[in-house]
Amino acid sequence: MAGVAVNPVNVAYLITGVLFIFGLRYLSSPKTARLGNRIAAVGMLVAIVAVLTQSIVQWWIIGVGIIIGAVIGIYSGRVVKMTAMPQMVALFNGAGGGAASLVAAGELYKRINGNEALTFDVTFTIMLTSAIGALSFAGSIIAFLKLQEVMTGRPITYPGQQIVNAVILLLVLVGSGFVIANSPNMLLWYWVALCAALVLGVLFVLPIGGADMPVVVSLLNSFTGLAAAATGFVLQNNVLIISGALVGASGTLLTLLMGKAMNRSITNVLFGAFGAIKEGSGGSSSTAGQNVRSVSADDVAALCAYANQVIVVPGYGMAVAQAQHSVRELADQLEKRGVEVKYAIHPVAGRMPGHMNVLLAEANVPYPALYDMDDINPEFERTDVALIIGANDVTNPAARSDKSSPIYGMPILNVDKANNIIVLKRSMKPGFAGIDNPLYDDPKTAMLFGDAKKSIDSVVTSVKAL
């Protein structure tokens, strides 16, 4: 009996898929996240090498693309600030969606010019790839602009918005239908559908507030994964199908989990215009903060140094000030004095999933000191000091008590149950969601105003002097 022929390329693709799965598995824990990232990177390298062993029409074009991509990737990875990491994730995600659309367009033109058969399965997957990829690309660019604060982070709405979106979606479907049906004007309808998908991507993200950006970035990531998987069917490439399906599934699951963490449905996130200023609602005009008590760094140092337990609650303010290393130094000084220091991580703190974990890992904060919301909340009642560094919305007790609040019902960190609450902020300006926080009027709360890094450094100096 003759032996079964084994295709080495498909074996390489199988190895890539296994490495991607293990990479995702290890990324699920901060302790093993770096290993998971390296495993997935090796898997991608195996896939690239396998692809390059097949027939290449123009090697120099491939080489130029690899060099340009490598330079951009290495430069971005080395120089990007941790505060800009969400923006970079949005950009890279958009690049993936855009690449999928370009590949689909190229395949369509190739088949038309080569007089190849355009069967239903081919045209359907081409349009699916093009539409989803274009939507992800355009939406990711708007997400980047919001996160970079090039444009307002608040929801941008207008009358009849959903009707406009529905009409544009219908245009995408009609254009795609004509392409799938092999219309004589196939290319014209293709570009109509593609441009409509780009516009829909823009309008899809415009009404979503900055506070919901972590969820949106995750959802757009899943869209890019689906586009990549569809590209795999277009090119009959197994590794694209596997990797795209993994990204799409994991992104969708993460989106659902983050929505659950905010006690909000995905439809509410996408169509609720959370954080928009409404006439007569007061918007972000502050009625809170009338009874604010301000303290000095020396006061905070004394309070923390003689505490039994301090819980640090990091937020975007820590990221902006790049204060994670100073926070770690403060924790070290407090632990030398016998103070137990823990870190409370809210699932949607920051501007992307796991933002605070990444920052604290960069500062070599021990992984066992990081606690998820459900695990840390029971600790606040026996905590001497809750040290909040720019985490506005995820510590807002209005989520529990004020039914008129847009965040009512959202699970929060129970910092108001601590014996003492110290909030580090630059000003009394509301958080990214644009709503007031009654926590700042709590008699147990004191405000330490200023840049978070400078404030923490001053506290560290004062602790050392005690």
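Gln236 sits in the loop between helix H8 (213-235) and helix H9 (238-261). Its phi is near 55°, a positive value in a residue other than glycine. The model is predicted. The protein has 17 helices and 6 strands.

- Most residues other than glycine have a negative phi.
- Gln236 has a positive phi, near 55°.
- Gln236 counts as exposed because its relative accessibility is 69%, and the cut-off for exposed is over 50%.
- Asn364 also has a positive phi, near 60°, and is likewise a residue other than glycine.
- Asn364 lies in the loop between helix H14 (355-362) and strand E3 (370-372).
- With 52% relative accessibility, Asn364 counts as exposed.

**Helix H2: length and faces**
- Helix H2 covers residues 33-52, which makes 20 residues.
- At 1.5 Å a residue, helix H2 should span 28 Å.
- Which residues of H2 are buried? They are Gly36, Ile39, Ala40, Gly43, Ala47 and Ala50.
- Seen down the axis of H2, these buried residues fall within an arc of 95°, so they line one face of the helix.
- An α-helix has 3.6 residues a turn, so residues three or four places apart point the same way.
- Asn37, Arg38 and Leu45 are exposed on the other side of H2.

**Cysteines**
- A disulfide is a covalent bond between the sulfur atoms of two cysteines.
- How many disulfides does a search of the whole structure find? The search finds 0.
- Is Cys304 buried or exposed? Cys304 counts as buried, because its relative accessibility is 0%.
- Cys195 has 41% relative accessibility, so Cys195 counts as partly exposed.

**The whole protein**
- The protein has 466 residues, and buried residues make up 48% of them.
- Take the contacts between residues at least 6 apart in sequence: 78% of them join residues at least 24 apart.
- The accessible surface of the protein comes to about 22,200 Å².
- Carbon and sulfur atoms account for 64% of that accessible surface.

Methods. Residues numbered from 1 in each chain as written. Predicted model: local features only at pLDDT ≥ 70, side-chain atom pairs only at ≥ 80, totals over all residues. Heavy atoms only, no water. Helix = DSSP H or I, 4+ residues; strand = E, 2+ residues; numbered from the N terminus. Buried < 20%, exposed > 50% of the residue type's maximum accessible area, 1.4 Å probe, protein only. Contact = heavy atoms within 4.5 Å. Areas by Shrake-Rupley, 256 points an atom, 1.4 Å probe, with all protein chains shown as cover. Expected span 1.5 Å × (residues − 1). Arc of directions from axis to C-beta. Disulfide = S-S within 2.5 Å.
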